[in-house]
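Me: I want to learn how to read cavities, pockets, salt bridges and surface patches in a model. Can we work through one together?

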Amino acid sequence: MRVRRDELLDMVLRHEGTPEVKVLVGVRRCGKSTLLQMFADALAERGVSRENMFFKRFDAFDIPIGYGAKDLYDELRAAMQRAKPGMFYVFLDEIQDVPGWEQVVRRLHTRENTDVYVTGSNARLLSGELATYLAGRYVELPIYPLSFAEYAGYRTDLGGADADDRMFADYVRYGGMPGLFAAGLPDEAKAGEVLDGVYQSVVLKDVAQRYGIRDLATLEKVSRYLFSTSGSLFSTNRVRATLRDAGLDVTYATLDNQIGALEKTFVLYSAGQERTRGKHLLRPRHKYYPVDNGFRNLANGFDNADRGAQLEGIVFMELKRRGYAVSVGQTPSGKEIDFVARKGEGRKMYVQVTASMLEEGTRVRELAPLQELDDAFPRVVLTMDWLSGGVTEEGIRISNVTQWLREQ
């Protein structure tokens with residue numbers, strides 16, 4: 001069963017017919033292929049002939065060994081000869097494994113009445129020859145796992161006043177990778193199986209093979225450590241020291257390369273620390289978050305510990321999903337602000353995340369960094385409790401996180 005992703009589909013439809021090559025990027029199995037198929041179906045419903053659509057998935061079993069740019073070019077030419085007059089749509093799914101594919105896409109871009117869409121699960125898609133061939137002639141469309149709003153739209157089985165809380169508890173525990181819902185709602189065993197399959201395919205294929213990493217044992221320990229400690233603020237040197245204390249002696253260069261490779265495959269994201277005044281960067285400390293909270297719980301054996309950190313990761317990815325550039329803030333007095341979110345020119349917001357604001361000590365601690373700020377940008381605290389909502393005397397908004405996640 002497909003999970004409806006109307007907002008993403010609308011995003012792709014808004015770019016239909018534009019001259020740029022549309023590049024959909026995101027972690028493996030986050031829904032890129034399904035989104036392309038939904039887009040093709042929407043075109044067909046509008047009367048576009050299937051003969052005017054070329055759809056090729058390059059991670060499929062039936063792709064011949066050694067398939068390359070010449071094979072793709074020949075198939076495209078044959079399909080174009082069969083097409084009817086009008087726009088010709090090209091969908092190239094997980095294209096990064098086809099040697100020389102950039103040259104084919106460049107030629108497609110020069111062809112009249114041709115609308116091109118490509119997907120990939122590696123940042124090299126836009127950092128290599130494609131960027132050279134298509135400088136300024138492509139648009140990147142990031143695709144993420146299901147948002148809570150998308151997940152809630154799928155959960156038609158729940159009702160009642162506490163439906164959002166129950167749905168959110170499952171979303172926090174299992175995450176929103178679309179494959180979880182192919183055969184109904186997941187339980188812990190099914191979620192573990194699906195998430196581990198995605199994790200293994202990302203680590204073994206997208207990271208190890210593509211970046212030539214041979215020490216898979218170290219790579220797996222590093223990735224699982226970063227997933228399980230998401231939300232902690234540390235430098236690469238601190239990660240190395242912690243791993244060394246646990247018996248894993250890894251060099252700084254190896255660790256840095258492995259973290260970079262995980263980020264390039266979109267399974268791991270980072271937020272760097274900065275001061276809230278100016279753009280002065282501090283020592284290179286970061287928070288790392290898995291693309292989906294299910295991976296954090298997979299690494300921790302689904303023990304459901306540290307709800308605050310899990311909540312923080314969900315809010316971070318939602319800010320990314322909404323198009324914000326996200327960093328970790330620090331006030332002049334040294335207090336940490338969970339997130340400083342920027343979008344475009346002049347748009348900024350400060351976000352604190354906590355499981356509950358009911359205890360007075362927690363309330364004071366979470367509000368204190370925001371109270372230090374003297375600019376006019378929005379300040380918000382997101383929490384799972386329903387009793388703390390409102391606006392403080394300083395104009396700080398306190399909101400329930402499930403309500404905020406449903407906002408557009």
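Reply: Start with the second largest cavity: its lining is Thr18, Pro19, Glu20, Val21, Lys22, Leu108, His109, Thr114, Asp115 and Val116. This is a predicted model, where local features need pLDDT of at least 70, side-chain atom pairs count only at pLDDT 80 or more, and totals for chains, interfaces and linings use all residues. Residues are numbered from 1 along each chain as its sequence is written, and side-chain values use heavy atoms, with hydrogens and water left out.

Me: What is a cavity, and what is a pocket?
Reply: Rolling a probe the size of a water molecule over the atoms shows where empty space is left. On a 1 Å grid over the protein atoms alone, a cavity is a set of points where a 1.4 Å probe fits but cannot get out. A pocket is an open set with protein on both sides within 12 Å along at least five of seven lines. Lining residues have an atom within 4 Å of a point. Grid points are joined across faces, edges and corners, and a volume is the space filled by probe spheres set on the points.

Me: How much space lies in the second largest cavity?
Reply: About 30 Å³.

Me: Which elements supply at least two residues each of that cavity's lining?
Reply: β1 (21-25), α4 (101-110) and β4 (114-120) do. β4 brings the largest share, three residues. Helices (H or I, at least four residues) and strands (E, at least two) are DSSP runs, numbered from the N terminus.

Me: How does the lining of the second largest cavity divide by class?
Reply: Four nonpolar, three polar and three charged. Here Ala, Val, Leu, Ile, Met, Phe, Trp, Tyr, Cys and Pro count as nonpolar, Asp, Glu, Lys and Arg as charged, and the others, Gly among them, as polar.

Me: Is Leu108 buried or exposed?
Reply: Buried means under 20% relative accessible area, exposed over 50%, partly exposed in between (1.4 Å probe, protein chains only). Leu108 lies in helix α4. Leu108 counts as buried because its relative accessibility is 4%.

Me: How many cavities of 30 Å³ or more does the structure hold?
Reply: Two. The largest cavity has about 110 Å³ of space. Its lining numbers 16 residues, with Val291, Asp292, Asn293, Ile314 and Met317 nearest the centre. β8 (281-290) and α14 (307-321) are the elements that give two or more residues to this lining. α14 gives the most, five residues. By class, the lining of the largest cavity has eight nonpolar, five polar and three charged residues.

Me: What volume does the second largest pocket have?
Reply: About 440 Å³. The lining of this pocket has 23 residues, and Arg29, Gly31, Ser33, Thr34 and Pro178 lie nearest the centre. The elements giving two or more residues to it are α2 (32-45) and β2 (53-57). α2 gives the most, with six. Nine nonpolar, five polar and nine charged residues make up the lining of the second largest pocket.

Me: How many salt bridges does a search of the whole structure find?
Reply: The criterion is a side-chain nitrogen of Lys or Arg within 4 Å of a carboxyl oxygen of Asp or Glu. The search finds 25. Take Lys287 and Asp338: their closest N and O atoms are 3.6 Å apart. This pair links distant parts of the chain, with Lys287 in strand β8 and Asp338 in strand β10 (residues 336-342), 51 residues apart. Lys287 is buried at 1% relative accessible area. Asp338 is buried too, at 8%. Elsewhere, salt bridges that share partners join Arg28, Arg57, Asp59 and Asp93 into one network.

Me: Which N to O distance goes with Arg57 and Asp59?
Reply: 2.7 Å. Arg57 is partly exposed, at 39% relative accessibility. Asp59 is also partly exposed, at 24%.

Me: Which residues make the nonpolar surface patch of about 370 Å²?
Reply: Patches are made of residues with over 30% relative accessible area and no salt bridge: like charges are joined within 9 Å, nonpolar side chains (Val, Leu, Ile, Met, Phe, Trp, Tyr) within 5 Å. Accessible areas come from the Shrake-Rupley method with a 1.4 Å probe; for residues, only the protein chains shown count as cover. Here the patch is made by Leu358, Trp386 and Leu387. Leu358 sits in the loop between β11 (348-354) and α15 (360-372). Leu358 counts as exposed because its relative accessible area is 52%.
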